Amino acid sequence: NAPLLADDHVLTGPGARAEIQFDFYHRIRLAQDSEVHLTQLDNQMYQMQVFRGTVTFAAIAGGDAQVEVSIPGAAIRPVAYGNYRISVYPDGTADITVRSGEAEIFTPGGSERLRPGRTMRVRLVGTSDTEYQFIAALPRDAWDEFSERRDKDLRSSERVYEYVSRDVYGA
């Protein structure tokens, strides 16, 4: 429960997990062996880079922050509330899967919309070109199940916000 600032890095080791809550409505979870660099944490503007590993970004209804998650060769901007799984592999390839919601994916060649049930596989070629392809959504696994359980746990504690503002962190 430590505050984080822009330019902080969050890393997880083998068997570890972490969760960063930006506000009541936005959070990112890191699976084991993952690294995220927080690049901007201004009022209602959250930007981060995923260097390696698997993360799940969640945005729930009611939040109005602008969010951008960068990976090698692309940037992901959620345009609807939902859950977004992003994996960056050692070879530089990345998978973006929309579990729910919708995202706009920006590459040097333009932008694409990604909806639930699909995965966009991205690979940086050289220093400035990106190859990508759309495939069926990656199958759910233990990480997705953990993230869904965590979301359910957080929803069950929402009753506390009948008494405390949603802007009070840690309530």
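Guide: Welcome! A salt bridge here is a side-chain nitrogen of Lys or Arg within 4 Å of a carboxyl oxygen of Asp or Glu. This is a predicted model, in which local features need pLDDT of at least 70 and side-chain atom pairs count only at pLDDT 80 or more, while totals for chains, interfaces and linings use all residues. Residues are numbered from 1 along each chain as its sequence is written, and side-chain values use heavy atoms, with hydrogens and water left out.

Visitor: How many salt bridges does that rule give?

Guide: Side chains of opposite charge can pair when their charged atoms come close. Applied to this model, the rule brings the count of salt bridges to 13.

Visitor: How far apart in sequence are the parts that Arg 29 and Asp 151 tie together?

Guide: The side chains of Arg 29 and Asp 151 meet in a salt bridge, with 2.8 Å from N to O. Helices (H or I, at least four residues) and strands (E, at least two) are DSSP runs numbered from the N terminus. Arg 29 lies in strand 3 (residues 26–30) and Asp 151 in helix 1 (residues 142–156), so the parts this pair ties together are separated in sequence by 122 residues.

Visitor: Which residues are linked with Arg 29 and Asp 151 in a network of salt bridges?

Guide: Both Arg 29 and Asp 151 are buried, meaning under 20% relative accessible area, where exposed is over 50% and partly exposed in between (1.4 Å probe, protein chains only). Their salt-bridge network also takes in Glu 19 and Arg 150.

Visitor: What is the relative accessibility of Arg 123, which forms a salt bridge with Glu 131?

Guide: The closest N and O atoms of Glu 131 and Arg 123 are 2.8 Å apart. Glu 131 counts as partly exposed, at 40% relative accessibility. Arg 123 is also partly exposed, with a relative accessibility of 38%.

Visitor: Which side chain makes a polar contact with the side chain of Thr 56?

Guide: Thr 56 lies in strand 5 (residues 45–59) and is buried at 5% relative accessibility. A polar contact is a pair of N or O atoms within 3.5 Å; within protein, one must be able to donate a hydrogen and the other to accept it, and residues adjacent in sequence count only if both atoms are side-chain atoms. At 2.8 Å, the side chain in polar contact with that of Thr 56 belongs to Trp 143.
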